[in-house]
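I opened this model to look up its helices and a few single residues. My notes follow the order of the look-ups.

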Amino acid sequence: MTELSQALKQATGVIAARGEGVLLYDEQDRRYLDFTAGIGVTSTGHCHPRVVEAAQRQVGTLIHGQYTTVMHRPLLTLVERLGEVLPAGLDRMFFANSGSEAIEAALRLSRQATGRPNVIVFHGGFHGRTVAAASMTTSGTKFRSGFSPLMAGVHVSPFPDPTHFGWPVEQTTDFALSQLDYVLQTVSAPADTAAFFVEPVLGEGGYVPANERFLAGLRERADAHGILLVLDEVQTGYGRTGKFWGGEHFDAKPDILVTAKGLASGFPLSGIAASSELMAKAWPGSQGGTYGANAVACAAAIATLDVIADENLVANAAERGAQLKQALQTVADKHEQITDVRGLGLMIGNEFRDADGKPDGTTAAAVQQEAARRGLLLLTCGAWGQVVRFIPALVVSADEVEEAAGIWADAVSAVVS
């Protein structure tokens, strides 16, 4: 009998039969609050009626029109609609299927446009599992071990993570920027550096937000040396952080923006955005792919934009995120094992540490599993798996946040008391 690969580690034992909004139901019709959203993918919730209708309608007319062979209306409409929400100046799009694929497209464009071989990434960043993307990922060895050699030309500089360093934000930022200057002076000369790749909030690295001064420092150095600034908005984009793009919290101005996950409410779709001038520097034939910009995925993405706008989901993410963060902090205040509650909007992490102050992935995993048994689905992240993350769909209600916080409080008490 054929089975799934043993390397696939399940976060829960749930076999999902159907979903609605932030709810999942298993094959016995047990109800779960899904605060994973498919790792931030189901932005408008499970099976939003408008997304379902758009996809069903499109399936009946054209499922796939390979977009370097023929064009189709959902693709053209999506490009036009994205122009309404993308940062100013990013007026050209290339579409792919996954976040990793989009990251590699941004890497290829960066190197071709600048003629430079190197990129600098920031410690704790996650950019994907394919070879180039994994070579740029430093959130955990599990994403990059066992298939060396990895891609050359990637250099790592510190991310301003106050919890990791144990310093105030200002001191941590000073250190991160000074170390970036040191990397540029000793490892990757500016004339050899094509781009900085950075997440506005570390995802797999532990839900650690960047800050305005750090990203302004990247922009300043990029401008001074002709380096491109690439924002990886795969997880932070599409309203997740309480603004449409995570970089907006910090007035970040990217040369390339990478998007995926919540883009099409569960259909595989990703993309990169850049200026017309920059995108024109891509070499002929360097962009393409069989399934990118699939017609059904594009139709779902258009419906996703409609739902986000019509239901004020960006504002809802900010409001419900503030409610959730406050509730989680109340729990943390009662348990010294939770040393930090952090994040933006509906992207919130709870960090667990032991009595010696060391990251405690064992307790984090135990609480995550206890929450699942009680009907709340969550995921862990962080280098040691020490952070339990809350990432519900943007449609989550105040009552659902309150219910989830109550389950979380009971789960924490059951494990650490």
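**Entry 1: helix α12**

I started with what covers the buried residues of α12, and the cover includes β3 (31–34), β12 (347–352), β13 (376–377), β14 (379–381), β15 (387–390) and α13 (398–416). Cover here is by contact, meaning heavy atoms within 4.5 Å. Helices (H or I, at least four residues) and strands (E, at least two) are DSSP runs, numbered from the N terminus.

Before going on I noted the ground rules. This is a predicted model, where local features need pLDDT of at least 70, side-chain atom pairs count only at pLDDT 80 or more, and totals for chains, interfaces and linings use all residues. Residues are numbered from 1 along each chain as its sequence is written, and side-chain values use heavy atoms, with hydrogens and water left out.

Next I listed the buried residues of α12: Gly361, Thr363, Ala364, Val367, Gln368, Glu370, Ala371 and Ala372. Buried means under 20% relative accessible area, exposed over 50%, and partly exposed in between (1.4 Å probe, protein chains only).

I then checked the length. The expected span is 1.5 Å times one less than the number of residues.

At the start of α12, a side-chain oxygen of Asp360 comes to within 3.4 Å of the backbone nitrogen of Thr362. After the helix comes Gly375, with a positive phi near 105°.

**Entry 2: the whole chain**

I counted 13 helices and 15 strands in the protein chain. Its radius of gyration is 21 Å, close to the 22 Å that the globule rule gives for 417 residues, so the chain is as compact as a globular protein of that length. The radius is taken over C-alpha atoms, and the rule is 2.2 Å times the number of residues to the power 0.38.

Along the principal axes, the C-alpha atoms fill a box of roughly 60 × 55 × 50 Å. Of the 417 residues, 55% are buried. Among contacts with a separation of 6 or more, 72% join residues 24 or more positions apart.

**Entry 3: helix α3**

Which residues of α3 (residues 73–82) are buried? I found Pro74, Leu75, Leu78, Arg81 and Leu82. They cover an arc of only 130° around the axis, which puts them on the same side of α3. The arc is that of the directions from the helix axis to the C-beta atoms. The face turned away from the buried side carries the exposed residues Arg73 and Glu80. Over the buried residues I found cover that includes α2 (49–59), β4 (92–96) and α10 (295–310).

**Entry 4: helix α7 and Thr172**

Helix α7 has 18 residues and reaches 25 Å from first C-alpha to last, close to the expected 26 Å. Its buried residues are Thr172, Thr173, Ala176, Leu177, Leu180, Val183 and Leu184. Seen down the axis, they fall within an arc of 130°, so they line one face of α7. Tyr182 and Gln185 are exposed on the face turned away. What covers the buried residues includes β5 (118–122), β6 (154–157), α6 (162–165), β7 and α8 (212–225).

I picked out Thr172, which is at 0% relative accessibility. Beyond four places in sequence, Thr172 is in contact with Pro160, Asp161, Pro162, Phe165 and Trp167.

Thr193 is in strand β7 (residues 193–198). Is Thr193 buried or exposed? It is buried, at 0% relative accessibility. Its side chain makes a polar contact with the side chain of Ser188 at 2.7 Å. A polar contact is a pair of N or O atoms within 3.5 Å; within protein, one must be able to donate a hydrogen and the other to accept it, and residues adjacent in sequence count only if both atoms are side-chain atoms. Thr193 and Pro117 are 76 residues apart in sequence, yet 6.5 Å apart C-alpha to C-alpha.

Arg111 sits in helix α4 (residues 99–114). Arg111 is partly exposed, at 23% relative accessible area. Its side chain reaches the backbone oxygen of Ala152 at 3.1 Å. Leaving out residues up to four places away, Arg111 touches Arg116, Pro117, Met151, Ala152, Gly153 and Ala194.
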